[in-house]
Structure formats: structure tokens, C-alpha cells
Amino acid sequence: MTATPNTNCDSLLISKMDRIGLLDENVKLILASQSPRRREILDMMGLAGRYTVHPSPLDEEALQVELAKITPQLCPKEYTKTLAEEKAKAMAMTLVSQGQSSHQTFFILGSDTIVDLNGSILNKPVDEKEAELMLTRLSGNFHEVHTGVALYQVSPSRPHETNPAEPILIKSYTDTARVRFTTLSKADIESYVKTGEPMDKAGSYGIQGIGGQFVEGIEGDFFVVMGLPMHSLSRTMSEALALLD
């Protein structure tokens with residue numbers, strides 16, 4: 001099921017912050033991700049202490065294999081949005097099956113980030129050799145970073161309903177930024193890979209860390225590259241809370 005956000009809502013989350021978590025115990029936000037970068041961005045938004053982290057139970061590797069089979073028909077933007085949707089949906093279904101939504105409304109946030117080099121999807125490297133190969137391909141070139149975002153809502157059932165409420169997809173989308181990489185020497189690449197930083201990051205680099213040295217410029221939102229688009233998420237959360245009014 002998909003909700004239709006109120007397009008007339010032009011405020012940001014900051015004006016509705018007290019609706020989530022601390023003061024309003026009936027509205028909970030769950031981040032269905034174990035990414036420390038996404039937690040950092042939520043904290044920067046002022047949500048520290050107002051959300052909980054529960055990594056999605058989704059078998060992400062299995063889904064990636066399935067999506068890879070249809071990648072020629074599924075563009076990178078749709079690929080990352082689909083992953084974000086499935087992560088959030090799996091967590092939402094878990095809440096429903098466990099009966100945790102009987103008295104509270106939950107918003108479940110799922111996200112996924114990929115690097116797109118001329119239509120080729122670069123996920124997290126499987127080993128150091130693959131990380132070096134990815135960085136060699138990115139060296140001296142432009143690439144795009146896509147971050148998919150999905151927000152599901154799970155609400156208590158109405159008094160006359162016996163079955164748990166079905167999770168509602170509030171909104172899903174993909175934001176994109178274009179990144180220009182400097183030309184990297186072999187020594188640069190090998191030294192960076194030895195730090196270990198690339199190993200849990202799409203495209204084998206982190207813009208908010210040591211890998212930021214490689215970036216000559218960005219067209220678009222920095223937070224898209226970091227892993228969660230702050231501005232668009234703020235608007236999406238504001239719209240979702242407006243639907244509760």
C-alpha cells in the first residue's frame with residue numbers, strides 16, 4: 001500500500017521535531033540500517049535520541065543477485081530505490097508480525113547508496129583487490145552517486161479490525177550527485193585500501209573520511225554521497241507527520 005503525501009506541506013522536519021520520539025511516545029522512528037554514516041546524518045538533523053537503529057532483516061546479498069539478473073532493464077536509480085524500499089519493508093513486516101505496532105505509529109527509514117560509473121553499478125568491494133580495481137576505474141573520471149530512500153509507516157489497527165495494519169509506503173525516491181575524482185597514483189590507491197576505509201563503502205571510498213581527498217568537486221548534495229540526503233529527507237518526514245494530522 002502506498003500513501004499520497006500532502007504536496008501542500010512546505011515545512012521542514014525541524015518545525016515538527018517534537019512529534020518524534022522524546023516528547024511524543026506514540027510516534028517512533030526506526031532506521032533500518034547499520035550504517036554509522038546514516039546515523040551521523042540523522043544526529044546532525046537534530047534527531048539524536050529520537051530514533052532507534054534496527055538493521056533490516058532483508059537478505060540484501062540475495063536481493064542484489066536477483067536484481068543483477070534484471071540490471072539491463074533496471075537502471076541504477078531504480079536499483080538503489082528498490083533496495084531501499086525492500087530494506088524498509090522487511091523491517092516494517094517484522095514489526096507487524098511481532099505485534100509491536102499495536103499501540104504506536106512507527107516510521108521505518110530504509111536507504112541504499114551506490115556508485116554509478118557510466119551505467120555500471122559499483123557496490124561495496126568484496127576484497128582489497130576489488131577495491132583497488134574500483135578506485136582505478138574511478139580515477140580521473142566523473143561518476144554519479146545515487147542514494148535511494150524509502151519511508152514506511154506502520155500504525156495500530158483500528159478497534160474493529162482483527163488483523164494487523166498493513167505497512168504503508170509513504171514515499172520512495174532516489175537523489176543523485178555527480179562527483180569528479182582526481183587522477184590517483186597506484187601508491188595513492190594502495191595506501192588508501194590499506195587503511196581499511198573503502199571496505200564497507202559503495203565505490204570503495206568515503207567522502208566524509210580519508211577518501212574525501214580524491215574528490216575535486218561535486219554537483220549536487222554532499223549528503224547524497226555520504227549516504228542520506230538530508231534536505232529531501234527532512235521534507236519527506238515533514239510530509240509523513242502531516243499525514244497523521
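This is a predicted model: local features need pLDDT of at least 70, side-chain atom pairs count only at pLDDT 80 or more; totals for chains, interfaces and linings use all residues.

Reply: Residues are numbered from 1 along each chain as its sequence is written, and side-chain values use heavy atoms, with hydrogens and water left out.

Me: How far does helix H3 reach from its first C-alpha to its last?

Reply: Helices are DSSP runs of H or I with at least four residues, strands are runs of E with at least two, and both are numbered from the N terminus. The expected span of a helix is 1.5 Å times one less than its number of residues. H3 (residues 76-98) has 23 residues and reaches 34 Å, close to the expected 33 Å. Gly 99, with a positive phi near 70°, follows H3.

Me: What does H1 span between its end C-alpha atoms?

Reply: H1 spans only 14 Å, whereas a straight helix of twelve residues would span 16 Å.

Me: Which residues of H1 are buried?

Reply: Buried means under 20% relative accessible area, exposed over 50%, and partly exposed in between (1.4 Å probe, protein chains only). In H1 the buried residues are Arg 37, Arg 38, Ile 41, Leu 42, Met 45 and Leu 47. They cover an arc of only 155° around the axis, which puts them on the same side of H1; the arc is taken over directions from the helix axis to the C-beta atoms.

Me: Which residues of H4 are buried?

Reply: Ala 131, Met 134, Leu 135 and Leu 138 are the buried residues of H4. They fall within an arc of 95° seen down the axis, so they line one face of the helix. Lys 129 and Leu 133, on the other side of H4, are exposed.

Me: Where is Ser 139 placed?

Reply: Ser 139 sits in the loop between helix H4 (128-138) and strand E5 (142-154). Ser 139 counts as buried because its relative accessibility is 15%. Leaving aside neighbours within four places in sequence, Ser 139 is in contact (heavy atoms within 4.5 Å) with Phe 181, Thr 182, Thr 183 and Leu 184.

Me: How many residues line the largest pocket?

Reply: On a 1 Å grid over the protein atoms alone, a pocket is an open set of points with protein on both sides within 12 Å along at least five of seven lines, and lining residues have an atom within 4 Å of a point. The largest pocket is lined by 30 residues, of which Glu 60, Lys 87, Asp 112, Lys 124 and Asp 200 lie nearest its centre.

Note on methods. On a 1 Å grid over the protein atoms alone, a cavity is a set of points where a 1.4 Å probe fits but cannot get out, and a pocket is an open set with protein on both sides within 12 Å along at least five of seven lines; lining residues have an atom within 4 Å of a point.
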